[in-house]
There are 2 protein chains.
Amino acid sequence: MKLNDITIKDIAERANVSKSTVSRVLNDLAIVNPKTRETVLEAVESLGYQANVFARGLASGRSMTVGVVTQKIGSPFYDMMMQGVIQGFTGTGYSPIFVDGQWEQNTELDVIRTLMGRKVDGLILLGGDISQKDLDDLRDRMPTIVVGKDVAGWEDQCVYVDNFSGAYDATNHLIEFGHREIAIIRGIMHHQDAIRRFQGYAQALSDASIDLDPDLVLDGNFSAQSGILAVNSLLMRGKSFTAVFCANDMVAYGARLALQRKGIRVPEDVSIVGFDDQAESSYVSPPLTTVRQPGVEMGVVAAEALVKLMQGGTCELPVMKALLQRRESVSRIISP
Amino acid sequence: MKLNDITIKDIAERANVSKSTVSRVLNDLAIVNPKTRETVLEAVESLGYQANVFARGLASGRSMTVGVVTQKIGSPFYDMMMQGVIQGFTGTGYSPIFVDGQWEQNTELDVIRTLMGRKVDGLILLGGDISQKDLDDLRDRMPTIVVGKDVAGWEDQCVYVDNFSGAYDATNHLIEFGHREIAIIRGIMHHQDAIRRFQGYAQALSDASIDLDPDLVLDGNFSAQSGILAVNSLLMRGKSFTAVFCANDMVAYGARLALQRKGIRVPEDVSIVGFDDQAESSYVSPPLTTVRQPGVEMGVVAAEALVKLMQGGTCELPVMKALLQRRESVSRIISP
DNA sequence: GATGCGTCTGCAACCGCTTTCAACTAAATG
DNA sequence: CATTTAGTTGAAAGCGGTTGCAGACGCATC
């Protein structure tokens with residue numbers, strides 16, 4: 001570990017060249033005599049030189065940092081994406097700087113402003129609530145990738161999973177196992193994910209000629225607590241159901257607990273499926289059948305795409321597949 | 001949302017003063033005529049001026065960013081601390097930039113170097129493995145706070161929880177409930193936390209005049225999988241035990257699952273206690289008795305302390321208490 | 001009225017790097 | 001041998017702030 005009070009000038013002197021030349025070999029954006037180049041590199045090495053980012057940023061206008069707006073550090077799915085983003089940027093020379101939008105539109109705009117103040121070269125938005133207009137404005141201003149939701153007109157700057165088909169598959173799985181009274185605990189309904197998942201659920205029912213029973217549709221907010229509340233209200237209303245499709249895994253945990261508290265067994269009496277496949281879901285009791293979102297990959301893909309974008313290229317982003325993980329929280333209904 | 005191609009010069013012209021004056025009111029480090037001040041502020045406001053961090057950084061030497069080294073984004077406990085850190089810095093003018101050490105000493109040194117290259121004004125290390133010597137070096141170079149472990153000689157730059165007494169309390173809780181054959185699944189034993197927790201466990205046993213049975217001491221690595229493995233090996237050896245104290249909650253989940261697979265009920269047949277109290281633990285089955293680490297608070301405290309440190313002050317850091325959360329994974333042993 | 005002393009402000013020199021532009025060298029061409 | 005030409009290089013002008021220093025001004029003091 002070395003401290004760096006060494007500037008480009010020191011290198012220049014040491015290598016007997018001008019600052020310009022040093023800068024050139026460091027950024028190799030012009031032809032430099034291989035021998036000179038060697039000398040400079042040696043000087044850099046032996047002095048342990050590291051360029052001052054401020055000076056570089058000021059002069060070049062590029063900061064080599066990118067802003068990443070997450071919604072809630074500590075939320076399993078967003079954390080996976082963050083991991084992916086970090087992974088995707090390692091070795092590219094860009095450093096991500098993370099800020100938290102706290103699921104709040106104004107906070108989000110604020111932190112983006114801060115980020116722009118820090119002159120980030122690009123932006124990755126993980127989820128988020130800001131309006132299409134603001135989004136469009138943003139895109140005009142700097143390379144931006146949105147992760148975890150699809151935005152109209154942003155086809156090539158968006159990486160998201162196909163929530164619809166994920167939910168469809170999950171619901172269909174329940175149907176195939178003989179379930180017909182399938183409740184759903186939805187997420188926050190102004191979130192796109194929540195809407196798409198609900199649509200997938202509805203479509204699967206409809207395709208199986210099962211009427212969607214509004215009494216089986218509960219609203220939640222992606223928290224375990226909301227899963228508990230939803231199940232309790234379902235139970236209180238005396239509504240009969242054999243399965244619950246949950247907005248995400250946390251909700252599923254809550255739902256399972258609420259059921260157990262009433263002496264209802266999972267999956268013997270009621271089946272449950274979640275969404276996300278967070279790390280714990282393989283180990284809870286019973287191991288949770290859920291839809292796996294490839295969070296880490298999404299992060300990686302987003303980072304790589306942004307790098308391309310920042311370098312003036314374009315990119316084509318795949319729609320990520322959400323895959324059903326069959327575990328043990330769903331059981332077959334024996335038709336009477 | 002406004003773009004900022006506006007420089008201090010624009011403000012100066014608009015307000016009919018010199019750049020210096022603008023700079024002065026912006027940093028208020030000299031007396032400026034209230035009226036002039038007002039004019040400048042107005043200009044700033046109406047033009048939506050935001051200082052260029054590079055220019056400022058270059059000129060002043062301060063970057064107003066701090067580096068935060070975490071070990072693994074996505075790991076519940078570290079995430080909590082990150083949240084806390086973000087929270088602690090909001091409104092201070094400093095932005096944290098997060099990097100991931102990946103639980104790897106060399107990676108960790110690398111990322112710290114990167115951070116120093118970015119001229120961070122201070123450093124927060126969440127956990128980490130780097131040697132005391134490197135740590136001491138680091139401290140000489142810049143304000144540093146270590147979170148999640150206690151380092152000799154760093155009493156006032158360390159925020160950590162009392163793992164020993166947390167583990168002691170947890171073990172003691174089991175003992176009070178009549179358990180005498182208490183297994184432990186330890187963490188990675190070159191981690192301080194793991195060591196301290198084991199010591200707490202051992203002490204509690206000893207204070208209750210229970211001999212520590214080496215056969216009941218299993219090694220794990222903080223993962224759910226290692227919990228499964230440990231329990232299986234315990235079972236295979238036919239060792240009798242009525243309780244398991246786990247290195248953390250993930251291990252506890254794994255342990256619970258492994259027991260269930262063998263038809264052993266928790267808590268009726270075997271009691272379990274974890275460590276961390278991650279979000280899911282209240283909702284798993286049975287809700288997990290565990291030791292709560294105040295991760296968020298630790299992050300906040302660390303951030304606040306670092307700010308003080310960077311401003312040339314000193315700080316006194318409290319040892320955080322780890323509190324036992326009694327839930328339902330521990331049952332009383334009816335003495336025969 | 002000259003002097004002294006705060007108060008407030010502008011000038012200009014950096015901070016360390018990038019980047020244009022011109023210049024210089026040596027080899028290639030006519 | 002004069003003239004291109006391509007390959008290299010250095011000087012210098014910024015980039016947008018901060019900050020030491022000197023100067024201008026108003027006012028009390030002598």
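A: A polar contact is a pair of N or O atoms within 3.5 Å; within protein, one must be able to donate a hydrogen and the other to accept it, and residues adjacent in sequence count only if both atoms are side-chain atoms. This is a predicted model, in which local features need pLDDT of at least 70 and side-chain atom pairs count only at pLDDT 80 or more, while totals for chains, interfaces and linings use all residues. Side-chain values use heavy atoms, with hydrogens and water left out; residues are numbered from 1 along each chain as its sequence is written, and chains are lettered from A and ligands numbered from 1 in the order in which they are written.

Q: How many residue pairs are in polar contact between chain A and chain B?

A: There are 22 such residue pairs, both members having pLDDT 80 or more. On the side of chain A that touches chain B, the elements giving two or more residues are H4, helix H5 (76-89), strand E2 (95-100), helix H6 (105-117), helix H7 (132-141), helix H10 (224-236) and helix H11 (249-261) of chain A. Helices (H or I, at least four residues) and strands (E, at least two) are DSSP runs, numbered from the N terminus. H11(A) gives the most to this side of chain A, namely 7 residues. By class, the side of chain A that touches chain B has 29 nonpolar, 18 polar and 11 charged residues. Here Ala, Val, Leu, Ile, Met, Phe, Trp, Tyr, Cys and Pro count as nonpolar, Asp, Glu, Lys and Arg as charged, and the others, Gly among them, as polar.

Q: What area is buried between chain A and chain B?

A: The size of an interface is often given as the accessible area lost when the parts come together. About 5000 Å² is buried between chain A and chain B (accessible area with a 1.4 Å probe, summed over both parts), and carbon and sulfur atoms give 62% of that area. In this interface 58 residues of chain A are in contact (heavy atoms within 4.5 Å) with 59 residues of chain B.

Q: How many salt bridges cross the interface of chain A and chain B?

A: Side chains of opposite charge can pair when their charged atoms come close. The rule (a side-chain nitrogen of Lys or Arg within 4 Å of a carboxyl oxygen of Asp or Glu) finds 2 salt bridges across the interface of chain A and chain B. A:Glu328 pairs with B:Arg261, with 2.9 Å between their closest N and O atoms. Over all chains, the search of the whole structure gives 24 salt bridges. A:Lys239 and A:Asp215 also form a salt bridge, at 3.8 Å from N to O. This pair links distant parts of the chain: A:Lys239 is in the loop between H10 and strand E8 (243-246) of chain A, and A:Asp215, 24 residues apart from it, is in the loop between helix H9 (192-207) and strand E7 (217-219) of chain A.

Q: Which residues are closest to DNA strand D?

A: A residue is near a strand if one of its heavy atoms lies within 4 Å of it. DNA strand D is surrounded by 28 residues, of which A:Arg24, A:Ile31, A:Thr36, B:Ile8 and B:Ser23 are the closest. Of the atoms of DNA strand D within 4 Å of the protein, 56% are from sugar and phosphate. The surface near DNA strand D receives two or more residues each from helix H2 (19-27) and helix H4 (53-60) of chain A and from helix H2 (19-27) and helix H4 (53-60) of chain B. Its residues comprise 12 nonpolar, 11 polar and 5 charged.

Q: Which residues are closest to DNA strand C?

A: They are A:Ile8, A:Tyr49, B:Arg24, B:Ile31 and B:Thr36, out of 28 residues that surround DNA strand C. A backbone N or O atom of A:Ile8 is 2.3 Å from a phosphate oxygen of DNA strand C. H2(A) gives the largest share of the surface near DNA strand C, 5 residues.

Methods: Buried area is the accessible area (1.4 Å probe) that two parts lose on being put together, summed over both.
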